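Student: Could you show me how to read a protein structure, one feature at a time?
Tutor: Gladly! Let's look at it together.

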Amino acid sequence: MDSPSPTSGADQSAEEFRSIEAATLRRGTRLRAPIFDERDVLLLAEGQIINDQFLAKLQARNIANVKVHKSELSRLASPSVQRTNQIPKPGAARQSAPNRSGVVTDAQNVMTQALDVEMSTAGALGLPPQGDPFAAALVEHGASGYDAEQFDQFNANANQSADHVTDIYNSLASGEGLDVQGLSEIADSAMSDLMGDSDLFACLGINPESGKYPARHSVHVGMLAIAIGTKLGLDEQTLRELSLGCLIHDAGMMKINTKGFSSSRHLNDIEFLEITKHPVVVFDMMKDMRAVSNRSAFIAYQIHERCDGSGYPRGRDATQIHFLSKVAAVADVYVALASPRPHRPAMLPYKAVEKILQDTRAGLFDPSAVRALLRTVSLFPLGSYVKLSDGREARVLRSNGEAFNSPTVEARSLEGTVEVVDLSQQPGDDGVRIVKAIAEFSEEFQKIVADAGGADDAVEDSDLDNWE
């Protein structure tokens, strides 16, 4: 280990250097700039190579983080490691509130009346013949981590979209009508990001930051919905309409009494009845009732309906719900379960999927939409943490189609190594597999995590059995 350098300390600009985990340093990389510890003491000089001896010394001295020049980030550390650490921490709750049913509203307006009439028209609730599947345009990334620049751009786009939707909702609430052009720009941005890396896009979609409700919720529901729709083979125009419907679906929350919704207790029946009005109220807020297409309007109107008739605002059953509304409903429920609310914490992602599977067996959700959800985020959702059969712990990076319980993960060992592993390619019974869903890396793997460990659940083979 090198001795302190005269260039250490105050001469090191905080703006030029970034702190990263020592475990992410790539062996064999020749430095173009020096590496320092957190006190700005020189650890390795420019031109030297990161080798096993250097990493062993870091470990012996309990140096968990090092400072590297920002220009070296892409060379020295796995982009997936840099960015997965920035994904919001998933929830840890293992139970959700009981489903409500039988609460519908008699609120209506010209638009909802027209949709109710159209609902009885043959073919109105299905999809017309689809064009080329949007999935054909997606960039394939295989068993790899996330690109650092893409992560930053996608994350920035999601945040900007949440801000933009907040402005659109406020304009609607003040009587200025619906900014369809603004919504279309948000949808265009989402479609572009989805094309660039569908796994990264979906990962950010299902791990929302807190705040900016209901706008941020609508943005993330839209992100997940079009990712699911892509797995269903939908074309570009249909996905755009799906996105727009999701983006406006909660705008009505701006005009109803939501005082109870911000309470730390569960809503009573009267308060919940008020909530059931918002899919109708959104159309009162639009100056032009036909500002969006019928398919987008059906999504906003029916996203809270359930296939068994237990949803709202009308208590429709599967035969009376638009197919895109069924897709949006699955996305809406997952994002809601994965998000903290004043009256409950966010759920452990694995448990959120398990809840949706249970409700699908009970008849609430469309099985094809739920299977597409699993193909999109896997049984162990993107961004969540798992325990592997070889003792390593990992964060889920990529789904692997029908191999629901074998995603691609970023695995960490107690020795500090980090490896991207495609679990679907592990050989037979001897291969590495997931044995538990966990709330966070344990203390042994991530000492800097304040609430290490957390709730965990053994994987049950029955989770995927006969749920259709």
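Tutor: We begin with the words for the parts of the chain: helices (H or I, at least four residues) and strands (E, at least two) are DSSP runs, numbered from the N terminus. This is a predicted model, in which local features need pLDDT of at least 70 and side-chain atom pairs count only at pLDDT 80 or more, while totals for chains, interfaces and linings use all residues. Residues are numbered from 1 along each chain as its sequence is written, and side-chain values use heavy atoms, with hydrogens and water left out.

Student: How many helices and strands does the protein chain have?

Tutor: There are 15 helices and ten strands in the protein chain. Between such elements come loops; N62, for example, sits in the loop between α1 and β4.

Student: Are N62 and S378 buried or exposed?

Tutor: The cut-offs come first: buried means under 20% relative accessible area, exposed over 50%, and partly exposed in between (1.4 Å probe, protein chains only). With 64%, N62 is exposed, whereas S378, at 0%, is buried. Over the whole protein chain of 468 residues, 54% are buried.

Student: Which residues of helix α1 are buried?

Tutor: In α1 (residues 52-60), they are F54, L55 and L58. Look down the helix axis: the buried residues fall within an arc of 95 degrees, so they line one face of α1. That arc is taken from the directions from the helix axis to the C-beta atoms. On the face turned away from the buried side, α1 carries the exposed residues Q53 and A60.

Student: What covers the buried residues of α1?

Tutor: The cover includes β3 (42-44) and β4 (65-69), judged by contact, meaning heavy atoms within 4.5 Å.

Student: And what caps the N-terminal end of α1?

Tutor: That is N51, which has a side-chain oxygen 3.2 Å from the backbone nitrogen of Q53. This is a polar contact: a pair of N or O atoms within 3.5 Å, where, within protein, one must be able to donate a hydrogen and the other to accept it, and residues adjacent in sequence count only if both atoms are side-chain atoms.

Student: How do I read a nonpolar core?

Tutor: In soluble globular proteins, nonpolar side chains tend to be buried together. A nonpolar core is a set of buried Ala, Val, Leu, Ile, Met, Phe, Trp, Tyr and Cys residues joined through side-chain atoms within 4.5 Å. Here the largest core has 108 residues, and L224, L242, F283 and L388 touch the most other members. Helix α13 (residues 323-338) gives this core its largest share, eleven residues. Apart from it lies another core of 15 residues, among them L55, L58, I63 and L76.

Student: What about charged side chains?

Tutor: Side chains of opposite charge can pair when their charged atoms come close. We call it a salt bridge when a side-chain nitrogen of Lys or Arg is within 4 Å of a carboxyl oxygen of Asp or Glu. By this rule there are 19 salt bridges. In one of them, D163 and K212 have their closest N and O atoms 2.3 Å apart. D163 lies in helix α5 (residues 148-173) and K212 in the loop between α7 and α8, so the pair ties together parts that are 49 residues apart in sequence.

Student: Which residues are linked in a network of salt bridges?

Tutor: D116, R314 and R316 are linked in this way.
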